[in-house]
Each structure stands twice: as structure tokens, then as C-alpha cells.
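Morning, everyone. Please bring up the model on your screens, and I will walk you through it.

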Amino acid sequence: MQLQLKTWKFVEEYLKTKTGIIIPIGSTEQHGPTGLIGTDALTAEMIGRGVGEKVGALVAPTISVGMAQHHLDFAGSITLKPTTLIAVVRDNVLSLARHGFTRFFFVNGHGGNIATVTAAFSEIYAERSMERLSNQPSIKCALRNWWDSAAIKQLSRELYPTGEGSHATASEVALTWYKYPETMDRTQLEPRIAPNGSFADAEDYRRAFPDGRIGSDPSQATPEHGKRFYDTAVEDVARDYQSWVSR
């Protein structure tokens, strides 16, 4: 159910009975020595597409570059400024709203996006309120982090009692290895579990976390674990989507 693999006639017919659409959003940033730079976008995309197939919803093109300024000291990382990402989210939503979509369900793969995407929703709502578009249908936006459900958290605790961490996590690395097993990298990590802590800008991040990981030991990951995370996330997010879009 990928939007870019459909025709405009298909979308026109879809909108006669449904007005919801799933928008995967992630980031393009380092994920330690063994994690893919596209991890956050790839995980959001695979889960978003899985949900779309499960519930019969269209899935928009993935917003692959997010708010990741703190990763810029690592080669290959790309970021948008918060103001730019707000504009990207707004333009995606308003473009689709013009055709009759009214429910925009963002499946998120990057924690650094949360504040900015939420602010983008506020900008969209404020714009419509201030212009008094009384003849326009009400639109609603939701942001769902794929890792947030109780079932995912329980699975993470079961598989990784220690070393899940908060960046370049074992769970997200497992997901990418499930979908892209040819990218598996078993390089030995030192230390095995990365340090924890806080950071501000890119240089501060690199000083605190020299190899890019935060609190994680992704060497625990396996493609088999990734399939379990995928199946659980698709089930949970699909249930949330159906409940939300029907309200």
C-alpha cells in the first residue's frame, strides 16, 4: 500500500472510503560501529509499511532525514534544523490534506524527532485555526514511536536484560539485520556496553560517546530477534492506528 507505487486514480478511489495515511519518519545518522546510518528511517519504514499492509492503509514516502544535529561529528550523518523539519512535516501534511486526507499517523523511528514533530503539529493546527477554514474538514495528526508499547519493552527486557541502551540499541540493530541480513557486522565492540550520559551539540556528543553508542551492546542482536520485534511492533502499531483513525 505504498503511495508511490499507486496511481492518482487509485488514491482518488481510496479517499472515497478512507482518509487516513501512515507517514514513516526517521533519521539519517550514525548508529555506532556496527549499526546502519539509516537505522531510524529503515525501522520506521518497515514497520509503517507492515502496518499499512495489515490494515489496508496507504503509506506515504518516508521522511528519512530528521533532527540529528548532535550526530554530525560522525561521518555520513545528515540533519535538518528543527525549523526545517517543521516545514517538511507541514508541507507533507498540507499537500495530502488538499486531496482529502484528514488523519496523518506518523510512525517514528528517532527519539530526536519527537519535540520537533510535535511542534509541527501545533503549527499546522494554529495555521488552520487562525485562518478560520470553517469549510475545510478537521485534520488530526498523531506521532507513534514504534518502540513505545508495553509489549516491545517487555520483549527488549527478555532478550537484552543488560545493554539495550538508548542509542544504537540492540533492538533497532536487530530490526535492520532482520530486513537487511547482508549488512550484519560482528565487529567486536570495546567496551562491550557503551557509557551512558547526556550531551548537547555534536562535539559534546563525540567526546562523551566516542564510538557513537549510548549505553548499548548491539552485538547481542540477531535477525531472529529482529523478526520478533517487527511482528510485535506491527501488531501493536496497527492496533493503535485503527483505534485512533476511527475516533
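A definition to begin with: buried means under 20% relative accessible area, exposed over 50%, and partly exposed in between, with a 1.4 Å probe and protein chains only. By that rule G35, at 14% relative accessibility, is buried.

Now the ground rules. This is a predicted model, so local features need pLDDT of at least 70, side-chain atom pairs count only at pLDDT 80 or more, and totals for chains, interfaces and linings use all residues. Residues are numbered from 1 along each chain as its sequence is written, and side-chain values use heavy atoms, with hydrogens and water left out.

Back to G35. Its place is the loop between β1 and α2. Helices (H or I, at least four residues) and strands (E, at least two) are DSSP runs, numbered from the N terminus.

Take β1, residues 20-25. Two bridges join β1 to β2 in the parallel sense. I21 has L58 as its bridge partner in β2, and I22 has V59. Towards β3, β1 has six bridges, again parallel. There P24 stands opposite V107.

How much of β1 is buried? Six of its six residues are. G20, I22 and P24 point one way, while I21, I23 and I25 point the other way. As a rule, side chains in a regular strand alternate between the two faces of the sheet.

For contact, read heavy atoms within 4.5 Å.

The search uses a 1 Å grid over the protein atoms alone. A cavity is a set of points where a 1.4 Å probe fits but cannot get out; a pocket is an open set with protein on both sides within 12 Å along at least five of seven lines; lining residues have an atom within 4 Å of a point. Grid points are joined across faces, edges and corners, and a volume is the space filled by probe spheres set on the points.

The largest pocket has a volume of about 380 Å³. Its lining holds 25 residues, and W147, S166, H167, T169 and E172 lie nearest its centre. α5 gives the most, with three. By class, the lining has seven nonpolar, 13 polar and five charged residues. For the classes, Ala, Val, Leu, Ile, Met, Phe, Trp, Tyr, Cys and Pro are nonpolar, Asp, Glu, Lys and Arg are charged, and the others, Gly among them, are polar.

One cavity reaches 30 Å³ or more. Its lining includes P24, V59 and R49. The class count there is four nonpolar, three polar and two charged.

Most residues other than glycine have a negative phi, and most peptide bonds are trans. A168 has a positive phi, near 55 degrees. A168 sits in the loop between α5 (150-159) and α6, buried at 0% relative accessibility. The other case is the peptide bond from E190 to P191, which is cis, with omega near 0 degrees. P191 belongs to the loop between α6 (170-179) and α7 (202-208).

Last stop, H225 in helix α8 (residues 223-245). Is H225 buried or exposed? Buried, at 17% relative accessibility. Leaving out residues up to four places away in sequence, H225 touches L159, Y160, A174 and Q220.

Methods
Pairing = 2+ DSSP bridges.
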